[in-house]
Amino acid sequence: MTSQIFADGALEGQVIAVTGGGTGLGRAAAAELLACGASVVICGRREEVLAEAADELGPRCSWVAGDVREAADAERIVDACLERHGRLDTLVNNAGGQYFVPAEAIALKGWRAVTRLNVGGTLTMATAAYDRAMRPAGGGMVINVTLSPHHGLAGMTHSSAARAAVEGATRELAAAWAPDGVAVCAAAAGHFDTPALDKYPESVRTAAARTVPLGRLGRVEEHAWLIALLASPLGRRLSGSVVTLDGARDNWFGPWPPAGMADESGEVPTEERRRG
Ligand SMILES: CCCCC/C=C/C(=O)SCCNC(=O)CCNC(=O)[C@H](O)C(C)(C)COP(=O)(O)OP(=O)(O)OC[C@H]1O[C@@H](n2cnc3c(N)ncnc32)[C@H](O)[C@@H]1OP(=O)(O)O
Ligand SMILES: NC(=O)C1=CN([C@@H]2O[C@H](COP(=O)(O)OP(=O)(O)OC[C@H]3O[C@@H](n4cnc5c(N)ncnc54)[C@H](OP(=O)(O)O)[C@@H]3O)[C@@H](O)[C@H]2O)C=CC1
């Protein structure tokens, strides 16, 4: 397979680990990185999902099962990259998620579970990659997948808070690890059409596209292009940045005018000019 937008071999020689790379956005990112010439190691907890994905993605893709929340597993994942390829250039921290309930229905245990996965797992993987592969090699790139809209996502209060924490850590680690040549950035994903959305209530899924000004969900290949761009040399210069890919969803509060604001003619009244 070749990339639709990047030159053949754009990422030739790079070794990239994608957590959650067996499904959805992670799998699409892995496919694009492979198309650009990288060698890719996908990871996740389910062996059968990873084995099937790697098989379909081709010979430059391999897999290692592990839980990103466990330090020993994170170290094993990084070590697998080093053993197979002798290096790890880029880590894509894509594994994450949450469940959809109103804020007041989130139990403390649920907050902890979502925080542990999204903040804990991301930092555990990033630290393992930095300590074992990138700092010793004198460089590397960490890409943290987060969430748009940034003003908070109804039904996902725990995840909104957790991803905000990841974006804060992204900026801080970008500064802390810069002397070692390690760049850290975040890719804030809007609403994308992945099989994972099937777990949300039907009405929530169906209405999701209407919360996006562009009027449609993102396509997985669009997110994959952003990941490939961030894995390119340009990504290093974007260290400390959060790049949002969401069809203008961030800070959008809904269609203009909101219900009740227009007058009988359908127009929003304008302010009378004061003179003198
Ligand atoms: C429709 C438009 C949306 C667009 C935006 C999309 C964003 C996306 O991210 S889509 C990708 C979604 N993918 C995932 O969410 C996959 C990963 N998610 C998970 O694995 C779970 O959500 C997890 C983070 C909660 C898993 O953590 P784990 O430690 O395994 O948690 P437990 O299942 O043991 O549950 C612990 C605790 O959490 C509360 N809880 C969990 N699920 C629910 C639920 N569905 N409803 C209410 N509460 C839930 C609960 O307190 C659990 O404790 P117990 O009740 O004692 O089991
Ligand atoms: N789809 C969307 O609209 C959006 C998605 N996102 C984020 O993008 C990422 C990918 O989403 P998407 O592809 O849609 O969803 P998926 O549910 O398909 O992706 C989650 C992936 O993470 C893996 N994973 C989950 N927990 C762990 C863990 N503890 N250790 C290792 N791997 C784990 C899962 O594999 P396994 O279960 O085998 O471990 C799975 O492959 C997630 O972080 C998601 O929250 C953000 C904004 C919007």
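## Helices α1 and α7

Helix α1 passes helix α7 in a right-handed crossing, where right-handed means that the near helix is turned clockwise from the far one by less than a right angle. Helices here are DSSP runs (H or I, at least four residues) numbered from the N terminus. The axes of α1 (residues 24-35) and α7 (residues 220-231) come within 8 Å and cross at roughly 55°, which makes α1 oblique to α7.

The contact is formed by G24, L25, A28, A29, A31, E32 and L33 of α1 together with V220, E221, H223, A224, W225, I227, A228 and A231 of α7, counting residues whose C-beta atoms, placed from the backbone, lie within 7 Å. Sorted by class, this contact has 11 nonpolar, 2 polar and 2 charged residues.

## Helices α4 and α5

Helix α4 (residues 108-137) and helix α5 (residues 157-177) have axes that come within 9 Å and cross at roughly 20°, and they are therefore roughly parallel to each other, a term for angles under 35 degrees. Their crossing is right-handed.

In α4, G110, W111, V114, T115, N118, V119, T122, L123, A126 and Y130 meet H158, S159, A162, R163, A165, V166, A169, L173 and W177 of α5. This contact has 12 nonpolar, 6 polar and 1 charged residues.

## Basis of the description

This is a predicted model, in which local features need pLDDT of at least 70 and side-chain atom pairs count only at pLDDT 80 or more, while totals for chains, interfaces and linings use all residues. Residues are numbered from 1 along each chain as its sequence is written, and chains are lettered from A and ligands numbered from 1 in the order in which they are written.

Definitions and conventions. Axes fitted to C-alpha atoms, helices over the stretch in contact; angles between N-to-C directions. Helix = DSSP H or I, 4+ residues; strand = E, 2+ residues; numbered from the N terminus. Parallel < 35°, antiparallel > 145°, perpendicular 65-115°, else oblique. Contact = placed C-beta atoms within 7 Å. Nonpolar A, V, L, I, M, F, W, Y, C, P; charged D, E, K, R; others polar.
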